[in-house]
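Student: Please take one part of this model and go through it closely. I would like the local contacts with their cut-offs.

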Amino acid sequence: MDLQIERVAENEARPKPDQNALGFGRHFTDHMLVMHYTEGKGWHDAAIQPYRNFSLDPAAMVLHYGQAIFEGMKAYRGKDENIYLFRPADNIERLNRSAARLCMPQLPVAEVLLALKELLRLDRDWIPSANGATLYIRPTMIATEAALGVRPAKQYLFFVILSPVGAYYPEGFNPVRIYVTDKYVRAVPGGVGDIKTAGNYAASIMAAVEAQQAGFTQVLWLDAVERRYIEEVGTMNIFFVIGDEIITPPLGGSILPGITRDSVIQLVRDWGLAVVERRISITEVLAAQEDGSLKEIFGTGTAAVISPVGSLHYQGQDCVINNGKTGALSQRLFDEIQAIQYGVRKSPHDWVTSL
Ligand code: COI
C-alpha cells in the first residue's frame with residue numbers, strides 16, 4: 001500500500017489535554033489515516049494527514065441507509081516507554097466481518113496494521129502515560145457514494161482517528177449500577193447485533209438515556225424473543241460467577257463477539273477455572289442471588305476493560321451483588337489484562353505487539 005504522509009504544520013498542532021482529566025473520546029490527536037474505495041478500483045489513496053473535517057455529498061449513502069461500521073482498540077504506553085497494541089489484527093478482522101454483513105468491501109488486514117502503526121508513530125506523544133489512561137483507536141468505514149437507491153454503495157471511506165482517553169465510565173473501575181430493560185431490545189436473531197455497526201448504538205440510546213435518568217450507568221439487554229435470556233450490556237459483554245462456575249452468554253448471532261470477552265475466557269481457562277458459554281436467564285441470576293450462590297458479575301470491553309457490576313435493577317427490584325463491591329475474579333482479571341496490555345506481564349497467547 002502506497003501511504004502518503006502529510007504532517008500537521010507546527011503552528012497548527014493541537015494543544016495536548018490534561019492527562020488526568022481526559023474523560024472518554026473528547027480529544028483527538030493531530031493526524032488521522034484515510035483510505036478510499038471505489039468499485040472496480042479497490043482501495044486507493046491511503047494517506048496519513050492532519051486531523052480535519054471531511055467533505056461529504058448530502059446524498060452520501062451512509063447518511064441515508066447507515067452503512068457505517070467501526071472498531072474500538074487501544075495503544076498503551078508501557079513503563080518502559082514502549083507502545084503496545086492488544087490483539088490489533090482481531091479488531092481489523094472483526095471489522096471485515098462487519099463489512100461482509102453490510103455488503104461493504106474487505107480491508108487488507110496486514111496493510112491496515114502497518115499504516116496504523118505509522119499513524120501511531122507520528123502521534124506517539126499523544127499516548128498518555130498517566131495511570132489507566134490510553135490512546136483509544138477508532139477505525140471506521142462509511143459509504144460515501146452519492147445515490148439514493150437502497151443497495152450497496154460503490155464508494156467508501158475508511159479512516160482511523162485517535163483519542164487519548166481515561167476510564168470509560170465515570171465510576172472508573174468501581175462497580176457500576178445496571179438497569180435491566182424488558183421494554184426495549186437491542187438485536188434480533190438474524191439481524192446485525194453481532195457486528196459493530198453504528199445503527200446498533202443509535203438504537204440503544206433511548207434505553208441508555210432512560211436508565212441514566214433513573215440513576216443507572218448502563219442497560220443490560222435481554223433476548224428479543226422471550227425477553228428472558230441475558231445478552232450483553234450497553235458497551236460490554238457480561239460474565240456471571242455462580243458457585244464455582246463462570247458463565248457468559250454464547251455468541252448466538254445477536255451479541256457482539258468481544259475481543260476482551262474472548263481474552264477473559266482464555267485467561268480463566270489458563271487459570272484452570274471452569275467457564276461456560278451458555279444461555280442464562282435473568283430469573284436464574286436473581287435466584288442465584290437469593291440462594292447466595294451469585295458471587296460476582298462483571299462486564300468486559302475494550303473501552304471499559306473489566307467493569308464490576310455492583311447491582312442490577314429489574315422490574316422495580318434492586319439486586320445487589322457482592323455487597324456492591326468489586327469481586328476477587330473481576331479484580332484479578334483487571335490486573336492481569338492491564339499488566340498484559342501495558343507490557344508488564346508477558347502475554348500468554350501472543351496477544352501483544354509493540355510499535
Ligand atoms: C469499545 O469498547 O471499544 C466500544 O466500541 C464501546 C463503545 C465506546 C461504543
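Tutor: Contact here means heavy atoms within 4.5 Å. Leaving aside neighbours within four places in sequence, R186 is in contact with G193, N200, W221, E232, S254 and I255. The model is predicted, so local features need pLDDT of at least 70, side-chain atom pairs count only at pLDDT 80 or more, and totals for chains, interfaces and linings use all residues. Residues are numbered from 1 along each chain as its sequence is written, and side-chain values use heavy atoms, with hydrogens and water left out.

R186 sits in the loop between β9 (176-181) and α4 (198-213). Helices (H or I, at least four residues) and strands (E, at least two) are DSSP runs, numbered from the N terminus. R186 counts as buried because its relative accessibility is 12%. Buried means under 20% relative accessible area, exposed over 50%, partly exposed in between (1.4 Å probe, protein chains only).

Now the polar contacts of R186. A polar contact is a pair of N or O atoms within 3.5 Å; within protein, one must be able to donate a hydrogen and the other to accept it, and residues adjacent in sequence count only if both atoms are side-chain atoms. A polar atom of the R186 side chain lies 3.1 Å from the backbone oxygen of G193. The R186 side chain also reaches the backbone oxygen of S254, at 3.0 Å. Both G193 and S254 are among the residues in contact with R186.
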